[in-house]
Amino acid sequence: MAAARFLVSGRVQGVFYRASAREQALTLGLSGYAKNLPDGGVEVLACGSESAIEALERWLWRGPTTAKVTEVRREAWSGSAPKGFSIA
C-alpha cells in the first residue's frame, strides 16, 4: 500500500475543499483524512494504490470550483493507514 501526505495552499478553506477531497478519495478507494491548517492551507493524507493517489493529487490541484489552489506539495508518509477517510 502506498501513502502520501499533501499540503495544499491557496484559497482552500471555507470552499468545501475538505469535503470534496473526501468524496474524491472515497471514490478512488483511498483512506486518510483532510484537515485545515492554521496557515490557511489543507493537509490531506491518502493511503491506497499509487495510481489512485496520483489521481487524487491531480484533483487536489483543481479542487472544487470555488477553490483557488496555488500549490500542492507531496511528501512521503510512513505512518499507519487510517480506516476510512475523515475530515478534521
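Strands β1 (residues 2–11) and β3 pair in the antiparallel sense over seven bridges; strands here are DSSP runs of E with at least two residues, helices are runs of H or I with at least four, and both are numbered from the N terminus. Two strands count as paired if DSSP finds at least two bridges between them. This is a predicted model, where local features need pLDDT of at least 70, side-chain atom pairs count only at pLDDT 80 or more, and totals for chains, interfaces and linings use all residues. Residues are numbered from 1 along each chain as its sequence is written, and side-chain values use heavy atoms, leaving out hydrogens and water.

**Around strand β3**
- R5 has L45 of β3 as its bridge partner.
- β2 and β3 make a hairpin with five residues between them, and G40 in the turn has a positive phi of about 95 degrees.
- Which residues of β3 are buried on each face? V42, V44, A46 and G48 are buried on one side, and E43, L45 and C47 on the other; buried means under 20% relative accessible area with a 1.4 Å probe, counting protein chains only.
- In a regular strand, side chains alternate between the two faces of the sheet.

**The whole protein**
- Two helices and five strands are present, in the order β-α-β-β-α-β-β.
- The radius of gyration, taken over C-alpha atoms, is 11 Å, close to the 12 Å that the globule rule (2.2 Å times the number of residues to the power 0.38) gives for 88 residues, so the protein is as compact as a globular protein of that length.
- Of the 88 residues, 43% count as buried.

Definitions and conventions:
Buried < 20%, exposed > 50% of the residue type's maximum accessible area, 1.4 Å probe, protein only.
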